[in-house]
Amino acid sequence: MIDQKTISSRAWSELFLLGLVWGGSFLAIRIALDEVPVVTAVLHRTGWAMLVLWIVVLAARLPIPREPQIWGAFLVMGLLNNVIPFGLMSWGQLYIETGLTSILNAATAIFGVLVAALVFADERLTLRKGIGVGLGFLGVATAIGLSNLATFDLRSTAQLAVLAGTVSYAFASAWGRARLGHLAPQVAAAGMLTGSTVVLLPAALIIDGPISFDLQPVTWAAIAYYALIATAGAYLLYYRVLAMAGSGNLMLVTLLIPPVAIILGTLLLGEELHPRAYAGFALLVLGLLILNKTIGKRGN
């Protein structure tokens, strides 16, 4: 069940910080992709973040699970929450704007509600949730422009790839709640990233070839940002905000990410989004606010 709490000023400030950090990750990833192949770029993200989080776990002297089934759950979680969505969205960013990618990424919360309703008895799809989900899907359809899918070119395929990544995120959320909810968040995140890296390392070598560390300074800066700050640091910040504000309020971070990504893409990459992208985002915002109970607080 979505946990709704009264959000403090400190939680608000950290929520905005998380939105800024994740919003900037879209620009950093796109910059890195100019020099680094997709799978290797994702490997950099999970590998360096994994090292940082295990250092945090060891420094905090948190117990490290030894049960094989938990490490198997880490592997599945890594696939669902990192390998598949990071890979699909990074590939999608090669053909669509960073701002549009961030708007489509906001559909994660919409699919999350649907998957939770299918998997958990206490997350039934109520009328309010149904309205929110319906508006969310209308927003996605508006942002993409369904007529554009008729051509099924690289651009439309890239948009569908990003959406597929959000579906994977939704299943990851359900999997994490069912299998990893009893673990310390830092341990769960480190284990998940370990599972991701175990899969990505051989995949990168097979698909992209030998990993080159002879990269431009701007590429290393981009990798450092999206791996260390927007992944390792953001996971730690995410769980802090979750503890303070609850999962319902944390959903609001989804609304903060696209404006940051859009502004950065416009200023630094010269991107221009079609007006329908903004209209679609507005519908997504409305749907997410309804899901969050910010609108229509009375009843379900």
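**Aromatic contacts**

Tutor: Tryptophan 54 counts as buried, because its relative accessibility is 15% and the cut-off for buried is under 20%. Keep in mind that this is a predicted model.

Student: How many aromatic pairs are there?

Tutor: The count comes to 9 aromatic pairs. In one of them, the rings of tryptophan 54 and tryptophan 71 have centres 6.1 Å apart and planes at 25°. The pair is therefore stacked, since planes under 30 degrees apart count as such.

Student: Where do tryptophan 54 and tryptophan 71 lie?

Tutor: Tryptophan 54 is in helix 2 (residues 38–59), and tryptophan 71 is in helix 3 (residues 68–93). The pair therefore ties together parts that are 17 residues apart in sequence.

Student: Is tryptophan 71 buried, exposed or partly exposed?

Tutor: Tryptophan 71 is partly exposed, at a relative accessible area of 29%.

Student: What about tryptophan 91 and tyrosine 95?

Tutor: Those two form a tilted aromatic pair, with 5.1 Å from centre to centre and 55° between the planes. Tryptophan 91 is partly exposed at 26% relative accessibility, and tyrosine 95 is partly exposed at 34%.

Student: Which residues form a cluster?

Tutor: Trp22, Tyr238 and Tyr239 form one aromatic cluster.

Student: Switching to charges: which ring does the charged end of arginine 45 sit over?

Tutor: The ring of phenylalanine 86, with the charged end 3.8 Å from the ring centre.

Student: And arginine 177?

Tutor: Arginine 177 lies over the face of phenylalanine 120, 3.9 Å from the ring centre.

Methods. Residues numbered from 1 in each chain as written. Predicted model: local features only at pLDDT ≥ 70, side-chain atom pairs only at ≥ 80, totals over all residues. Heavy atoms only, no water. Phe/Tyr/Trp six-rings, centres within 6.5 Å; stacked < 30°, edge-to-face > 60°. Helix = DSSP H or I, 4+ residues; strand = E, 2+ residues; numbered from the N terminus. Buried < 20%, exposed > 50% of the residue type's maximum accessible area, 1.4 Å probe, protein only. Lys NZ or Arg CZ within 6 Å of the ring centre and 35° of its normal.
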